[in-house]
Amino acid sequence: MTNRPNIRFGKFNDDWEQRKLEDLFEIVDTKHATAPISNEKTKYRMIRTNCVRNGQLIAENTDSVTEEIYEEWSERIHLRVGDLVFTREAPMGESAVITEDGNKYFPGQRIVSMRSKGNASAFFINQLFYADEFRKEIKIREAASTTVANFGIPQIKNHIVSVPCLKEQVKIGGLFSCFDNLITLHQRKCDETKELKKYMLQKMFPKNGETKPEIRFAGFTDDWEQRKLGDIVDFLDTMRKPLKESDRESGPYPYYGASGIVDYVADYIFDEELILLSEDGANITDRNYPVCFLATGKYWVNNHAHVLKAHSEMDNNFICMSMERKDYGNYNTGMAMPKLNKDTCFQIPVDCPSFQEQKKIGDYFRRLDNLITLHQRKCDEYKDLKKYMLQNMFPKKG
């Protein structure tokens, strides 16, 4: 193994040393630690393997235990802020540092806890567990027979890691903790905005049998009018063209299918904002992806999505949000595979306010979608940057 990474902080140029984990950490075997779960939520929490993912502790997944059980186990296994927890099986090789609320957590079965002896940073080792070399070892162990696949305490204690001086460890651990915090921040903002959008889709459109929504913009009081989809849009389905994968020439233009972009091609059919509505596919009933969405710019559409052009005095995004919030179980005409045929789509009812109110509602949801896209893009960018730095800030086998 090479002794130096490709990227380092300034002032650090010494070779990294190879050490056993037991030289750096006190390691506790908790494979027999079990405790009954409390039916009532308490502040005393047990960490299981599903509580540790991608270098972080998922606090909401921890189990409540009684104060008596906690006191009994904390005599033997006492987690503090700065301790490192590691999943030795099912799933293997996940780790996290206890960063807050120390003294209320203890590790459950299949969790190993580690406490620095003072010559190692838990944050650094936590990231080292996600660097390429260690992930390769995890994959090898996962593919092995069950008798050798898990990380027993002897294997953990004797595992060799390559480490720099403590100051450099702290620098590296701090950098990756910053990445993790930014990823968590943008993912949380993205999820919160999605929840807000879901809530407002319920409140800014009338419930079944009603003519007014619960939440409206100021100045709008009139009843909404129920119309049929076929009366407010034109179907441009005859213009769409399917392309077999072998016939697609790679290019810059999105190629849309039933639930969004499926490829990029060298030519386009449409050059305007239009509404796309899934024509077939399991997603019509499963709803794992959008059923109705906008396409803008230059793009191609295959024969798995209806292409809708709104009439004048109808707002594209308002119609799109109206259609996306519907339950299509009542309109499914497929047998083996869910399908929304054109004749059925013509008859789907759409509650419509004035164009001015439509525009307000459509613009509001555009802003929410833009925020969701922004936070998701930032989250993905930081994940990519973290992945790159993990590949270059730890030594590789030469």
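These legends go with several close-up views of one predicted model. Local features here need pLDDT of at least 70 and side-chain atom pairs count only at pLDDT 80 or more, while totals for chains, interfaces and linings use all residues. Residues are numbered from 1 along each chain as its sequence is written, and side-chain values use heavy atoms, with hydrogens and water left out.

**View 1**
Strand β2 covers residues 25-28; strands here are DSSP runs of E with at least two residues, helices are runs of H or I with at least four, and both are numbered from the N terminus. Four bridges join β2 to β10 (residues 111-116), and the two run antiparallel; two strands count as paired if DSSP finds at least two bridges between them. Find Glu26 again, and you'll see that its bridge partner in β10 is Arg115.

**View 1. An open sheet of four strands.**
Reading across, the strand order is β15-β14-β19-β16, with mixed pairing. Which strands stand at the edges? They are β15 (260-265) and β16 (270-271), each with a single partner strand, so one side of each has no neighbour in the sheet. Strand β16 is joined to β19 (residues 298-301) by two bridges, and this pair is antiparallel. Within the pair, Phe270 stands opposite Tyr299 of β19. As for what links strands, they pair through backbone hydrogen bonds, either parallel or antiparallel.

**View 2. Helix α4, end to end.**
This helix takes in residues 132-143, twelve of them, and spans 17 Å from its first C-alpha to its last. That's close to the 16 Å expected at 1.5 Å a residue, where the expected span is 1.5 Å times one less than the number of residues. Its buried residues are Glu133, Phe134, Arg135, Ile138 and Arg141. For accessibility, buried means under 20% relative accessible area, exposed means over 50%, and partly exposed is in between (1.4 Å probe, protein chains only).

Cys320 is in no disulfide; its nearest cysteine sulfur belongs to Cys292, 4.0 Å away. What about Cys345? Its sulfur is 9.6 Å from the closest cysteine sulfur, in Cys292, which is too far for a bond. Cys320 is buried at 2% relative accessibility, and Cys345 is buried at 0%.

**View 3. Two loop residues with positive phi.**
Asn54 has a phi near 55°, a positive value in a residue other than glycine. You'll find Asn54 in the loop between β4 (52-53) and β5 (56-57), and it is exposed, with a relative accessible area of 54%. Glu313 also has a positive phi, near 65°, and again the residue isn't glycine. Glu313 belongs to the loop between β20 (305-310) and α10 (316-324).

Glu67 is part of helix α2 (residues 67-74). Buried, exposed or partly exposed? Glu67 is partly exposed, at 43% relative accessibility.

Note on methods
Disulfide = S-S within 2.5 Å.
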